[in-house]
Amino acid sequence: MPIEKREIIPVWDAVTKVLKYQLELSLETVSLEESDGRYLGEDILATHDVPPFDRSPYDGFAIRAEDTSAATQEQPVELNVIDSIGAGHVSGKEIKHNEAIRIMTGAAIPKGANAVIMLELVSEKENNRITISRKVKAGDNISRQGEDTPEGTTILKTGTRIHPGVTAILATFGFHTVKVYKKPVVGILATGTELLDVDEELVPGKIRNSNAYMIASQIKKIGGEPRILGKLPDDLEETYEGILQAMKETDLVITTGGVSVGDFDHLPAIYKKMGAELLFNKIAMRPGSVTSAAMFEGKPLFGLSGNPSACFVGFELFVRPYLLQSLHVKKVHLGAVTATLQKDYLKPNPFTRFIRSRVEWNGPTAVASPVGLDKSGSVSSLSEANALIVLPGGTRGWEKGSQVMTLLLEGEGSVWPWDQALKSRS
Ligand SMILES: Nc1nc2c(c(=O)[nH]1)N[C@H]1C(S)=C(S)[C@@H](COP(=O)(O)OP(=O)(O)OC[C@H]3O[C@@H](n4cnc5c(N)ncnc54)[C@H](O)[C@@H]3O)O[C@H]1N2
Ligand code: MOO
C-alpha cells in the first residue's frame with residue numbers, strides 16, 4: 001500500500017492546535033489535608049486581616065516610645081512593669097506614662113503602647129522595674145494588623161496548585177475543606193504485539209510495556225489520574241474497539257505506538273474509521289515526529305510514539321500543557337533557562353531537536369549536558385534527564401560553549417519565552 005503523505009507542522013503550531021481545546025472539569029470538595037497537589041477551583045479571598053491584631057514579633061516589653069526620648073547609656077529611663085502577657089492573652093491594662101507590659105512573641109499589643117523593645121536590650125531591676133538606655137521609635141517592633149494580608153485581598157487564584165505554602169494560607173483563613181478541580185482521568189493504551197506486562201519474563205522478540213507506566217507517572221506528577229487500560233496487539237479491529245471503549249470511560253486517551261508508517265501502525269487508519277478530527281500526525285521535531293492528536297466527540301486522543309524517549313517528550317510538550325490548561329493553570333509550558341552546552345553536538349538538526357539532558361548550576365550559570373543514548377528508543381537517558389536541550393530545526397554544529405535553550409522537567413524555571421523562540425522556527 002502506498003504511504004499517505006503527511007503534512008509536517010512546526011512544533012509550536014502543534015502545541016497551539018492542542019491548546020484550542022480543553023476539558024470541562026467539574027469541581028469537588030476535599031479536606032485540606034487531602035488537597036496537596038490538587039488545583040484550586042475558586043479564587044481565595046482573605047476572610048480577615050493577617051495578622052488579625054497588632055502583635056509583638058519579639059519577646060520584650062510593650063512601651064510608649066515617647067517615654068524613652070531622653071534615654072541614653074549614661075542616663076537610662078526607668079519604667080514600671082504593670083502586667084505580663086503571653087501569646088493568646090490580651091492585657092486588660094492600658095499603658096500610661098513611664099509604664100511597660102512584659103509581652104511575649106505573638107501577643108496582642110496592649111492599649112497605650114506604640115512600640116516593643118526586645119528583652120535583651122532591657123535591664124530588669126527589683127520590684128517590677130526596668131531600665132532602658134536607648135531611644136525607641138514609635139512603631140518599632142509592632143507587626144501591624146493586616147500588614148501581611150488585608151481582609152478581602154485575592155490571595156490565591158483559581159488554578160493554583162496546592163503545595164505547602166498554599167496550604168498554610170488556606171489553613172490561616174479557616175478553609176478546612178477546599179474546592180478543587182476533579183482530576184482529569186486519562187486512559188492509557190499501549191499498542192504493540194511485542195509488549196509484555198511488567199511482571200512477565202522476557203521471551204525473544206518481546207519487550208516490557210514501559211511506556212504505560214512512564215506516562216502514568218507523568219500524569220500523576222502533574223495531578224491527573226491515570227488509568228492503565230492494558231495493552232493491545234497490532235490488530236486494527238481490536239485496537240479500534242479498545243480505543244472506543246477507553247474514550248467512553250475516561251476524559252481523554254493516550255495511546256503509544258502504532259503511529260508511524262509501518263505495516264502494523266494502525267492508528268492513522270483508526271482515526272479515520274472513528275471519524276475523529278485529525279489535528280496533526282507529523283511534527284517537525286525529533287524525537288516524536290510521528291506524535292499525533294485527534295479530537296473525538298469533544299475529547300482528545302493523543303497518539304504518542306512507541307519509542308520511549310519520543311513518547312516521553314510528546315507527553316511533556318503536548319499532553320502536559322493540555323491537562324494543565326484544563327486545570328486552569330496559568331503557566332502551562334515547561335519553564336526554560338539558557339545554558340552553556342558542555343559538549344559538542346555536531347549532528348544536523350533537520351527538525352527541532354529535544355535532547356534529554358541534565359542542567360546544573362555552575363555558580364550563577366546554567367550548564368547543560370546531553371545524557372544517555374541519544375536515540376528515541378532509549379530509556380537510559382530518561383532517568384538522568386532533568387531538562388531537554390532544544391536545538392532549532394535547520395541548524396547544525398552546536399559546539400561546546402554555545403548558549404542553548406533548555407526546557408526544565410523539574411521545577412518551574414524562568415518564564416523564558418521558549419514559545420516565542422520556537423514560533424519563528426520549523
Ligand atoms: N519508514 C519509517 N519508519 C519509521 C519512521 C518513519 O518516518 N518512516 N519513523 C520512526 C520514528 S521517528 C519513530 S519515533 C517510530 C515511531 O513508531 P511508532 O510510534 O509507530 O511506534 P512502534 O513502531 O509501535 O514502536 C516503536 C518502538 O517502540 C517500542 N515500543 C512500543 N510500545 C512500547 C511500550 N509501550 N513500551 C516500551 N517500548 C515500546 C517498540 O517495540 C519499537 O521498538 O517509527 C520509526 N520508524
Ligand atoms: O521522531 Mo521519532 O519520533 O522518535 O525519532
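Q: In what order do the strands of the open sheet of 6 strands lie?
A: Strands of a sheet pair through backbone hydrogen bonds, and the pairing is either parallel or antiparallel. In this predicted model, the order of the open sheet is β6-β3-β5-β4-β8-β7, and its pairing is mixed. β6 (115-118) and β7 (122-124) are the edge strands, each pairing on one side only. From one strand to the next, the twist averages 40°.

Q: In which sense do β4 and β8 pair?
A: β4 (residues 77-85) and β8 (residues 129-132) pair in the antiparallel sense, over 4 bridges. One residue pair can be named here: V77 has I132 in β8 as its bridge partner.

Q: What is the phi of H328?
A: H328 is not a glycine, yet its phi is positive, about 65°. This residue is found in the loop between α6 and β20 (336-341). H328 has 17 C-beta neighbours inside 10 Å, so it counts as partly exposed.

Q: Where is a cis peptide bond with omega of about -10°?
A: Most peptide bonds are trans. The bond that joins V50 and P51 is cis, with omega of about -10°. P51 lies in the loop between β2 (44-45) and β3 (60-63). Another cis peptide bond joins R286 and P287, where omega is about -5°. P287 is in the loop between β17 (285-286) and β18 (292-296).

Q: Which residues are around ligand 2?
A: R286 and P287 are among them, together with G288, S289, V290, S305, N307, A310 and S376. By type, this shell divides into 3 nonpolar, 5 polar and 1 charged.

Q: How many residues surround ligand 1?
A: Ligand 1 is surrounded by 27 residues, of which N211, G257, S260, S305 and G306 are the closest. Two or more residues of the shell come from each of α3 (210-221) and α6 (308-326). α3 gives the most, with 3 residues. The shell around ligand 1 holds 10 nonpolar, 15 polar and 2 charged residues.

Q: Which residues does the "MoaB/Mog" domain annotation cover?
A: In an unreviewed UniProt entry, this annotation covers residues 187-325. Over that stretch the chain is 37% helix and 28% strand, with the end C-alpha atoms 18 Å apart.

Terms used: Residues numbered from 1 in each chain as written. Chains lettered and ligands numbered in written order. Predicted model: local features only at pLDDT ≥ 70, side-chain atom pairs only at ≥ 80, totals over all residues. Near = placed C-beta within 6 Å. Nonpolar A, V, L, I, M, F, W, Y, C, P; charged D, E, K, R; others polar. UniProt positions renumbered as here; feature names shortened; annotations may be inferred. Pairing = 2+ DSSP bridges. Axes fitted to C-alpha atoms, helices over the stretch in contact; angles between N-to-C directions. Buried ≥ 20, exposed ≤ 12 C-beta atoms within 10 Å, placed from the backbone.
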